[in-house]
Amino acid sequence: MFDQPPKKKVMAKHLQRDLDQLAKELLTMGGLVEEATNRAITALVRHDRALAREVASGDDAINDRENLIEENALKILALHQPVAADLRFIVTALKVNNDLERIADHAVSIGERAEVLANLDPLPLPEDFDKLVTMVQSMVHDCLNALVERSADLARSVCMRDDEVDRIHRQMYVDMQAVMRRDPKFIEPAINAISATRHLERIADLATNVAEDVVFMVEGEILRHNY
Amino acid sequence: MSRILRSRLLWELYTGYAVVILLTAFMIGRFVVGDFERGFVERTQESLHSDAILLRDIALPYIDATDPSFQDRIRALGSRTDTRYTVVAADGRVLADSRENPAAMDNHRDRPEIMSAATNGFGVSTRFSRTLGSTSMYVAIPVIKDGREAGFVRTSMTLDILEARRAATRRSVALGLILPVLAALVLGFLIARGFSRPMLTMTDGARAVASGDYSHRVRIGRRDEIGDLADALNAMTERLKSQIETITADRNVTLAILSSMVEGVVAVDREDYVVHVNSAAEVILGIDAKTAKGRRIWEVTRVVEVGEALNDAMKEKRVRVSETRIPKGSSDQVIQLIGAPLKNAGDELVGAVLVLHDVSNLRSLEAVRQDFVANISHELKTPLAAIRGLVETLVDDRDMDPDTRLRFTTKIRDQSMRLSNIVSDLLTLSRLESDPSRIQFEAIDLREAVAESYRAQAHVAEDKHVAIKAAVANDPVMIDGDGEALRELVDNLVSNAIKYTPEGGHVDVRLGVEGSNAVLTVDDTGIGIAPEDQGRVFERFYRVDKARSRQLGGTGLGLSIVKHVALAHGGIVSLKSAPGRGSSFRVQIPLRRGPGPNGS
């Protein structure tokens, strides 16, 4: 047909518009998840019950958005059959979407632990705990920044931080055991604290996954399990 | 100069001109040379013709006879001139020739000039003669004898001389033309350059202006239309410059207003691309205006509410107000977002603008006020309810035994004392708060206030088995202040310290001078204050543990009074505390300026 090239151009324009929309939804999702994570962590650190409850109430919006993003991504795949960088972006969006939703779930769990902890005796937390919290927040923040900037370097730096988080997580078990041994009244708060730490560690893992997906999107290299 | 040689206009103007000049010169040359040649040939032909007529008369007697002397005669005739003479019989036989041997010559009947002479009575021909090896002109006329054609005479002359003369003519024509042609060419070039150079200058000027150099002026020393064009260009630049300056000034004012605003301002276009971010917005959203500009808002910040507010403002085309919290340090910032659609002069939607207003202080003030009203009602109501209950019992039970009655009335007295304490504390506070100028400033030795307070509180500490120590400077610590208020300050700090220190602990009161400030510190080994409460203990009625405070007889206003007294004296209060380890309050008040301790 004579009008093949212009038609193709129109389709490319539609594809670009849909991809932009997808990126926007994904980053909005990222914003919501980051906010939820920060709220849960703040609630945990400040013993703020009201804030802890807010995390759970925001989760429905995140779940809805996950479904929306998945639908839109599949729609683009079916309609435009994109290739190369566009395809990688959509695959990444699908994976990141999934990881983000799970981060939000862990944030809700942390919120629940925070609510329980706020009602119990204050627990002497090791200094490493503050570091863990800061690192997890920075990892979530930076993996999303890497996604925005399409920066493989930033993404790699997120992956690097995961080892330290794992170390602190293991150390927390030892510390909490010592606390529980010292005074049985700390058993309940310590168990909750361990649970919260575990969720924090999982969030760090998922942030690492997101970062790996970003590296894949930017460089087309699959980083998982081999660095 | 090399640029001007590349000018297309120059060559367009000049090529045509040069072609006309050269063509004219060439044509003139051709006509002159051609004219000369034609004249020369004509003259040669005429001279040959007249020679032929003379020859005919000479040849007439011999034409029929074969006289060998005729040949000699012709040869002698020919040797005296450049002209060659030939006499041909009617049948074509050569009878005599001034250059050749007639016997050796061909039959000349077929020669063009002979044939032409036979038919027309005159024949002329110019051709290359192989016998002579040059181009010659031949003229032949018939010899008429007794009314019949008896033969022909032919005269011929070589045209070699013509070639030489033609070359000479060409040379002189060329020499004559070359100067005017060169002059015309140079003049033409100069004229063409005179047009194209101002064009180049003006193009350069226009380019410079287009690239932002509004001080550039085109200078062309011409008084014609081109000069007018340059003047118009300069006028345009001048006007452009002043308009740009006006626009820039307006823009700078607008930018200055925007960047000095306390509220953050973010503007995006219809595609969500960031158009403007002011400095307040940079701080609130934690972004950089330089990197943010030209990117999409949802890439720049992940504060979801920002993108939504802008989108909704564009979609609904009306002002939209919402609120969000942004974590900042240890506390959240409460940000009010006011989104409004941006429209151009044609009422078309071109984007949206968002105003970010930090309402954290407002919100916390609101919370404080609400707490205060709730607290004051509660604080006043509790003793009142107790008094009312006790009084009602007393009224109803006439036969109450005196011991119970005494216990009741004592309780009523205590509760009314408490009410009175609260009210007097509130009055003190409102006095300090509403009009600090009403405080009676006089020279005060802070040591006296400390000593008085120490005396009053020592026995309380003793009863509670708390060790109290006071270390006071040796010299008077003079400040300008209100004695009563300052005593209240010290009292509140010391009694608080004793109240919250368990048995066996100790309280240290120290008064000293640091630089130009009097510094009072009250340290205790009490229960301490948690970090999250440390900022709020100076609020009215704020209690870390409500039940304990009331049980200890506090009004919840003590620290608030301390803070306000310190503020009214131009001082500050700070607090360091660790839960379980104790607290340390530090009050710093500027020393009295002037002569010093002569007031004591």
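Mentor: Two strands count as paired if DSSP finds at least two bridges between them. Strands are DSSP runs of E with at least two residues, helices are runs of H or I with at least four, and both are numbered from the N terminus. Residues are numbered from 1 along each chain as its sequence is written, while chains are lettered from A and ligands numbered from 1 in the order in which they are written. This is a predicted model, in which local features need pLDDT of at least 70, side-chain atom pairs count only at pLDDT 80 or more, and totals for chains, interfaces and linings use all residues.

Trainee: What is the order of the open sheet of 5 strands in chain B?

Mentor: The pairing in this open sheet is mixed. Its edge strands, each pairing on one side only, are β12 (467–472) and β16 (572–578) of chain B. The twist averages 10 degrees from one strand to the next. The order is β12-β14-β15-β17-β16.

Trainee: Which residue is the bridge partner of B:A470 in β14(B)?

Mentor: β12(B) and β14 (residues 506–514) of chain B run parallel and are joined by 6 bridges. In β14(B), the partner of B:A470 is B:V509.

Trainee: What angle does the direction of helix α14 of chain B make with that of β15(B)?

Mentor: Two residues are in contact if their C-beta atoms, placed from the backbone, lie within 7 Å. Axes are lines fitted to C-alpha atoms, for helices over the stretch in contact, and angles run from 0 to 180 degrees between N-to-C directions. Helix α14 (residues 483–499) packs on the sheet, touching β12, β14, β15 and β17 (582–590) of chain B. Its direction and that of β15(B) make about 20 degrees.

Trainee: Which element gives the most to the side of chain A that touches chain B?

Mentor: Here 13 residues of chain A are in contact with 8 residues of chain B. Elements giving two or more residues to the chain A side are α1 (4–46) and α5 (127–149) of chain A. With 11 residues, the element that gives the most is α1(A).

Trainee: Which element of chain B has the lowest mean pLDDT?

Mentor: pLDDT is the predictor's confidence in each residue, from 0 to 100. Chain B averages 84, and 95% of the residues score at least 70. Strand β6 (residues 264–269) of chain B has the highest mean among the elements, 90. The lowest, 66, belongs to helix α16 (residues 546–551) of chain B.

Trainee: What ipTM does the model score?

Mentor: Two scores are given for the model as a whole. The pTM is 0.56 and the ipTM is 0.73.
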